[in-house]
Amino acid sequence: MNYDSGNFRADLRAGIVSAIVVLPLALAFGVVSGLGPIAGLWGAVAVGFIAAVAGGTRVQISAATAPVALAVSFVLVRYADSPVEALTIIFIAGIIQVLLGLLRIGNLFQYTPHSVTSGFVSGVGVMVVLLQVLPFFGADPVLGNPIDSIRHWDDAARDMDFHALGVAVATFVICAGWPKQWRKYVPSAAGALVCGAILGAWIFDGAPRISEVVEAPSFWAMEMPGGGFWTAVAAAMTIALIGSLSSLLSASAADSMTGHQHDPNRELLGVGIGNAVAAMFGGLPGAGSPGATQSNIRAGAQTRVAGAVSAVVALVLIVVLSGLIDNVPYGVLAGILGWLGLSLIDWRLITHLYRVQPEHMLVMLLTLGLTVFVDLLVAIAAGIVVAALAASHRFERLELDSVLSVPMLDAVFFADSDRVDITQFDAFTARVGMVKMRGSFTVASSNRLRIAISKDIQEHEVVILDFSETSYIDDSAALVVEQLIDAAMEHDTECIVIGLDSLPSGSLQSLDVLHRVPGDHFVASFDDARLIAARLLEINMETSSDT
């Protein structure tokens, strides 16, 4: 792509638009994290610039996001005794993300089921809404589990600050009702931030304010949490994995809008470096921001320059508007977060749950519930496990339908050969059985496969295992094949194997599950298998010259 002045103008315009989107979100998610709104701002600058330059997506905007902010609040409550210790954990999380990129683990995140991501993101939205009830009432927010916040609702309602409530409700209404035709020029969150700040200055002037001075960033003296290095690594893993998943989900959404393909491993590298640098400057970690990325694309972003411009513009706005940011009421941020939280919930899936397959509904609701009431990382892990089990149940039926286990009547099986006198056979005798495995076989069907076929095998004197149409066998299914052969041997049933050479190298060979089958029982064709079966059954095979 030849970069010219036209591309630069498009990137400049898109960068300015996305910076306007990023600023209110960074302030709001800084509050959610517990590190403060200013940490959100500096994090947006550091992560936004580095991820744009070094990441794997051309038009993605990285900044503070709801999942990452909640992960940081969880870490701050459970593992860190101070913000400095939390920043140490964030720095380690950035290094972990870099390692995930170098190890090329980013490719694996694309296999996260939609029901899991939907439940997780919806759960994050519910958490954000529940945690903003206290700031709506003018009380200090409670970090961590929403249950802790709910316990303080009664006290906050009794001591309600009506100025805080008024500005929060007004900001929420402005966000929700911001005209669509205006959003192309001024995003709803940015418009609500400005309007809310004006209302806070003129009408609701008694509402609590950010009351922090925006200063130039300075390096923090890193302090290891009291639990030691490995405790810090465990905590950092939560931030790293949640941030990685958020970034790659946003990158995939960007791909669907642009038609480009992102590099997941490079994206983790860029975001990881950005998060490590953000921690050194006292900033909140970030990830791909869906809202800012979509605004960037719609504004005409062409290259990474747009993301870099967005970070630079955000830095300029922070410095220029530092005095104004200091006087923004907390209620304004609570109103924006309340609207954002509701926007994160997957209403389309929730309103159609009655039409969704039961296993998908279970995964979604389980992930959502665990996200809200237990732990973000536990929710993702449990959701993936349950989704895998549900998928295995469905694959079990598909795989078993691909298995053909049939008795071969002697009079029919050997009649195909012109060298056998079929009058020597009983019309109803079937001493040979055939098991034909077509397609792929995995742990999903391994147990039922063993149960379904083992009895069939034992009823014959010879069984033919046909792998000529098998495309894949995992280790669980391979061990079942070994068990079937063992069962056959115990009942004096001989085994013949067809088509092993056409099977891709894998578990059958690596686990040596066919070691009990004699070497001369491996054949390439059905006709060869018939000759071996005839010899094993001592059937007189006449030569062509004899007939």
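Helix α3 spans residues 66–78, a run of 13 residues. From its first C-alpha to its last it reaches 18 Å, close to the 18 Å expected at 1.5 Å a residue. Please keep in mind that this is a predicted model.

How many of the 13 residues of α3 are buried? The count is 11, so the helix is largely enclosed by the rest of the structure. The buried residues are A66, P67, V68, A69, L70, A71, V72, S73, F74, V75 and L76. Two of these names, V72 and L76, come back in the next part, as both are touched by L35.

**The nonpolar cores**

The largest nonpolar core holds 90 residues, and F29 and L35 touch the most other members. Helix α1, residues 5–33, supplies the largest share of this core, with 11 residues.

Now let us visit S188, G200 and G323, one by one. Helix α11 covers residues 188–202 and contains S188. G200 is found in helix α11 as well. G323, in turn, has its place in helix α16, residues 322–326.

Are these residues buried or exposed? The cut-off for buried is under 20% relative accessible area, while partly exposed lies between that and 50%. S188 counts as buried because its relative accessibility is 8%, and G200 counts as buried because its value is 0%. G323, at 41%, counts as partly exposed.

| Residue | Relative accessibility | State |
|---|---|---|
| S188 | 8% | buried |
| G200 | 0% | buried |
| G323 | 41% | partly exposed |

Not counting residues up to four places away in sequence, S188 touches C175, W178, R183 and W339. With that same exclusion, G200 touches V167, D205, R209 and P329.

Finally, here are two distances to look up in the structure. G200 and G331 are 131 residues apart in sequence, and their C-alpha atoms are 8.7 Å apart in space. G323 and A54 are 269 residues apart along the chain, with 32 Å separating their C-alpha atoms.

Conventions. Residues numbered from 1 in each chain as written. Predicted model: local features only at pLDDT ≥ 70, side-chain atom pairs only at ≥ 80, totals over all residues. Heavy atoms only, no water. Core = buried A, V, L, I, M, F, W, Y, C linked by side-chain atoms within 4.5 Å. Buried < 20%, exposed > 50% of the residue type's maximum accessible area, 1.4 Å probe, protein only. Helix = DSSP H or I, 4+ residues; strand = E, 2+ residues; numbered from the N terminus. Contact = heavy atoms within 4.5 Å. Expected span 1.5 Å × (residues − 1).
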